[in-house]
Amino acid sequence: MNNESPDDLTKALIDMIQTEITFGEPVERDTDLLLTGLVDSLGVIRIVTWMEEYLDIEIDPVDVVLENFQTVELMVDYAGRR
């Protein structure tokens, strides 16, 4: 994983999600992306692919669960555990 700080990753993730997935719909670090319907299954795949490229990591498909990808905050926490 690169030396990305959690704050930098949070900002980059929010920017990517708002630009490429929710098309301007506001997203905060604690916004429930999945249960609100802001992000669908294809959006999750796009986020996972983006995180793998951005952080130079491989995300195991079994890790792609609500507990890791429901909010930006959970995604950043997951990346920090990698």
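Colleague: How do α1 and α4 lie relative to each other, oblique or roughly parallel?

Modeller: In this predicted model, α1 and α4 pack at an angle of about 130 degrees, with their axes 10 Å apart, and they are therefore oblique to each other. Their crossing is right-handed.

Colleague: Which residues make that contact?

Modeller: From α1 the contact uses P6, L9, T10, L13, I14 and I17, while α4 supplies V72, M75, V76 and A79. Sorted by class, the contact of α1 with α4 has nine nonpolar residues and one polar residue, with no charged residues.

Colleague: And what about α1 and α2, at what angle do they pack?

Modeller: The angle between α1 and α2 is about 140 degrees, and their axes are 11 Å apart, which makes α1 oblique to α2. The crossing of these two helices, α1 and α2, is right-handed.

Colleague: Which residues are in that one, and how many are charged?

Modeller: On the α1 side there are D8, L9, A12, L13, M16, I17 and E20, and on the α2 side R46, I47, W50, M51, Y54 and L55. By class, the contact of α1 with α2 has ten nonpolar, no polar and three charged residues.

Colleague: Staying with α1, which of its residues are buried?

Modeller: The buried residues of α1 are L9, T10, A12, L13, I14, M16 and I17, and what covers them includes α2, residues 41-55, and α4, residues 72-81.

Colleague: How far apart are the ends of α1, and what span should the helix have?

Modeller: Helix α1 covers residues 6-20, and because each residue accounts for 1.5 Å, its 15 residues should span 21 Å; the end C-alpha atoms are 21 Å apart, which agrees.

Colleague: Changing topic, where is T71, and is it buried or exposed?

Modeller: T71 sits in the loop between α3 and α4, and its relative accessibility is 10%, so T71 counts as buried, the cut-off being under 20%.

Colleague: What does T71 touch, apart from its close sequence neighbours?

Modeller: Leaving aside neighbours within four places in sequence, T71 is in contact with R29, D30, T31, D32 and L33.

Colleague: Then L66, where is that, and how accessible is it?

Modeller: L66 belongs to helix α3, residues 66-69, and because its relative accessibility is 36%, L66 counts as partly exposed.

Conventions: Residues numbered from 1 in each chain as written. Predicted model: local features only at pLDDT ≥ 70, side-chain atom pairs only at ≥ 80, totals over all residues. Heavy atoms only, no water. Helix = DSSP H or I, 4+ residues; strand = E, 2+ residues; numbered from the N terminus. Expected span 1.5 Å × (residues − 1). Buried < 20%, exposed > 50% of the residue type's maximum accessible area, 1.4 Å probe, protein only. Contact = heavy atoms within 4.5 Å. Axes fitted to C-alpha atoms, helices over the stretch in contact; angles between N-to-C directions. Parallel < 35°, antiparallel > 145°, perpendicular 65-115°, else oblique. Left-handed = near helix turned anticlockwise from the far one by under 90°. Nonpolar A, V, L, I, M, F, W, Y, C, P; charged D, E, K, R; others polar.
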